[in-house]
Amino acid sequence: MTFEEAPKMETLVAQESLLHAAPEIVPAEQTSPVCSYTEWDPLEEVILGQVQGAAAPAWHVVIKGTAPRDSWEFLEALSGQPADEVSKDMVDNAQADLDGFLKVLEACGVTVRRPDLQPQTVEFNAPHWSSPAGYNIANPRDVFLVVGDQIIEAPMSWRSRHFEGLAYRTLLKEYSRAGARWVAAPRPELPDELYDENYDVPGEGEPPRYVTNEFEPVFDAADFVRLGRDLVCARSNTTNRSGIEWLQRHLGSEYKIHVMDVKSRQPMHLDTTIVPLGPGKLLINPQYVDRNNLPSVFDHWDVREAPQPEPSPGLMYDMSSMWLSVNMLSIDEKRIIVEKAQEPLMRMLESWGLEPIPVQFHNYFIFGGAFHCSTLDIRRRGSLQSYA
């Protein structure tokens, strides 16, 4: 299907409200096609994002919680514009990096699935607000959390991302019919009452300040990392305490969520903050993490600090941290995909017994993620264990 042939957002929304014939019931004993407990078990299948049809995110106060203050005026001016009109080269270069990454995944024996093309440049409305456009479908890790045989849709706090999950419906239905558990957190209303309209970035040494309050549960899936029976997360500008509590109740006593403190003044997504590399191996971002204040689940782990990121050619930081350098994807406990410019990081990983696979991906960063963000683990070969 070409981009031009992709269904428009309003059509997709309408289709979801239609009655469909009930799918064939799958026997309960059938093995689920979805199964992933950690960030490092041998990877068998992923969903990989798309950059076509992206838009600059619609300006809203939530963006103040994640973008540098000196970018706010620039991002507000771009609000909702199609990415290929902002810069066709930006889209083409990101697509080239994405294509190269896909080939590396397949060469590693990983099955790669893709979301449906869904243009994000369409205005949409909710009862209490409207958005001139969506954002992109580049980073499925933000939208979905896989825990065991469950795919959990996150109740995201960005209005521009409210319908982002529709691009994955074809895949979700397929996985569900084959035996996976497909769950959606309560769909948030996202009214003005959820946000601090007077938000500003806290100054150095000031207490944390968040752009969202506890009006309703919200979270981004990328604010969680998985360690078997334990998950680690952070309160951030995309995840509130109510969202963390909802997920803990949903997962039940089989899993425990540990909430950690981070030093970032604009926290968003934990996969640029801590990186579990295998049983007992944790890489941390020293700018955002106090190694003496980690959750107790890491008490017996070997914890090491990532080196300062190398500058990437042409990289724009308007939406993303330079610490996308550590946003890596583990193929297994040994092999890990790393941006090829990050040579000090690769040397450090080699000294730790890992085998980094260098791949160019810096052109993708402008779309808000790197290797971990741009993929969603669907299946890793492993079992549910405790690594505490």
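**Loops, a helix and a pocket**

Author: His269 sits in the loop between strand S10 (256-259) and strand S11 (274-278); strands are DSSP runs of E, at least two residues, and helices runs of H or I, at least four, numbered from the N terminus. This is a predicted model, where local features need pLDDT of at least 70, side-chain atom pairs count only at pLDDT 80 or more, and totals for chains, interfaces and linings use all residues. Residues are numbered from 1 along each chain as its sequence is written, and side-chain values use heavy atoms, with hydrogens and water left out.

Reader: OK, what's the phi of His269 near?

Author: Near 70°, which is positive, and His269 is not a glycine.

Reader: And is His269 buried or exposed?

Author: His269 has 8% relative accessibility, so it counts as buried (buried is under 20% relative accessible area, exposed over 50%, partly exposed in between, with a 1.4 Å probe and protein chains only).

Reader: Which loop is Leu190 in, and what's its phi?

Author: Leu190 is in the loop between strand S7 (181-184) and strand S8 (224-227). Its phi is near 55°, again a positive value in a residue other than glycine. Leu190 counts as buried, because its relative accessibility is 0%.

Reader: Switching to H8: which residues are buried there?

Author: In helix H8 (residues 241-251) they are Ser242, Gly243, Ile244, Trp246, Leu247 and Leu251. Their cover includes strand S5 (144-147), strand S6 (150-153), S7, S8, strand S9 (230-233) and S10, with contact meaning heavy atoms within 4.5 Å. Just after H8, Gly252 has a positive phi of about 80°.

Reader: How about the whole protein, how many helices and strands?

Author: Nine helices and 17 strands. The radius of gyration is 20 Å, close to the 21 Å from the globule rule for 388 residues, so the protein is as compact as a globular protein of that length. That radius is taken over C-alpha atoms, and the rule is 2.2 Å times the number of residues to the power 0.38.

Reader: How much of the protein counts as buried?

Author: 57% of the 388 residues.

Reader: Last topic, the lining of the largest pocket: how many nonpolar, polar and charged residues?

Author: The lining has 22 nonpolar, 13 polar and 13 charged residues. Ala, Val, Leu, Ile, Met, Phe, Trp, Tyr, Cys and Pro count as nonpolar, Asp, Glu, Lys and Arg as charged, and the others, Gly among them, as polar.
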